[in-house]
Amino acid sequence: DLLQQVVYNLFDNAVKFTPENGRITVAAQRSAESTKVTIRNSGAGVSEEEIARIFERFYKVDKSRSFDTKGVGLGLYIVKTIINMHEGEITASSKQGEYTEFSFEIPFIS
């Protein structure tokens, strides 16, 4: 259930921040040790300064660009917390004016 919450939050953010006629891609890769999921959306992107803080509790990316006026900045913090609980890793990357991408990898527990 928690991993479903992660995918939902990341996909929901992609939808919120993708302009009309934009593009969202989702990819999953499985190896012998882990599963990796990547969600990328086209759009305005996020600056390097904001990417560095994006998983902080209550942090919201530039409010003037946001289509999400109701959020309080907990979604990505919760996502990171869940990934950490599963001993995984999550990363964010972006190129302004082009895309934002989130990838998380969860190891298989034996």
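**Figure 1. Accessible surface and overall make-up of the protein chain.** The protein chain exposes about 7,300 Å², and carbon and sulfur atoms supply 51% of that area. Accessible areas come from the Shrake-Rupley method with a 1.4 Å probe, and for residues only the protein chains shown count as cover. The model is predicted: local features need pLDDT of at least 70, side-chain atom pairs count only at pLDDT 80 or more, and totals for chains, interfaces and linings use all residues. Residues are numbered from 1 along each chain as its sequence is written, and side-chain values use heavy atoms, with hydrogens and water left out. Three helices and four strands make up the secondary structure, in the order α-β-β-α-α-β-β from the N terminus. Helices (H or I, at least four residues) and strands (E, at least two) are DSSP runs, numbered from the N terminus. Of the 110 residues, 35% count as buried; buried means under 20% relative accessible area, exposed over 50%, and partly exposed in between (1.4 Å probe, protein chains only). Among contacts (heavy atoms within 4.5 Å) between residues at least 6 apart in sequence, 56% join residues at least 24 apart.

**Figure 2. The largest nonpolar core.** This core has 20 residues, and L10, I54 and F104 have the most contacts inside it. Elements giving two or more residues to the core are α1 (2–16), β2 (34–42), α3 (75–85), β3 (89–95) and β4 (99–107). The largest share, four residues, comes from α3. A nonpolar core is a set of buried Ala, Val, Leu, Ile, Met, Phe, Trp, Tyr and Cys residues joined through side-chain atoms within 4.5 Å. In soluble globular proteins, nonpolar side chains tend to be buried together. Not counting residues up to four places away in sequence, F104 touches V6, V7, L10, T35, K36, V37, I83, E89 and I90.

**Figure 3. Strand pairing and hairpins.** Two strands pair if DSSP finds at least two bridges between them. Strands β1 and β2 are antiparallel, with seven bridges, and a hairpin joins them through three residues. I24 has N41 in β2 as its bridge partner. Seven bridges also join the antiparallel strands β3 and β4. These two strands form a hairpin with three residues between them, and G97 in the turn has a positive phi of about 85°. Strands β2 and β4 pair in the antiparallel sense over nine bridges. E105 of β4 is the bridge partner of K36 and is also the bridge partner of E89.

**Figure 4. Salt bridge between E101 and R40.** The structure holds four salt bridges, each defined as a side-chain nitrogen of Lys or Arg within 4 Å of a carboxyl oxygen of Asp or Glu. In the one shown here, the closest N and O atoms of E101 and R40 are 2.8 Å apart. E101 lies in strand β4 and R40 in strand β2, so the pair ties together parts that are 61 residues apart in sequence. E101 counts as buried at 19% relative accessibility, whereas R40 is partly exposed at 32%.

Figure 5. Side chains of opposite charge can pair when their charged atoms come close. K16 and D12 have their closest N and O atoms 3.2 Å apart. Because they are four residues apart in helix α1, about one helical turn separates K16 and D12. K16 is partly exposed at 26% relative accessibility, and D12 is partly exposed at 26%. For R53 and E56, the closest N and O atoms are 3.0 Å apart. R53 is partly exposed at 39%, as is E56 at 34%.

**Figure 6. A nonpolar surface patch.** F11, V15 and V26 form the patch, which has about 250 Å² of accessible area together. Patches are made of residues with over 30% relative accessible area and no salt bridge; like charges are joined within 9 Å, and nonpolar side chains (Val, Leu, Ile, Met, Phe, Trp, Tyr) within 5 Å. V26 is located in strand β1 (residues 24–30) and is exposed at 52% relative accessible area.

Figure 7. Most residues other than glycine have a negative phi. N21, which is not a glycine, has a positive phi of about 65°. N21 is in the loop between α1 and β1 and is exposed, at 77% relative accessibility. E87 has a positive phi near 60°. The loop between α3 and β3 contains E87, which is exposed at 63%.
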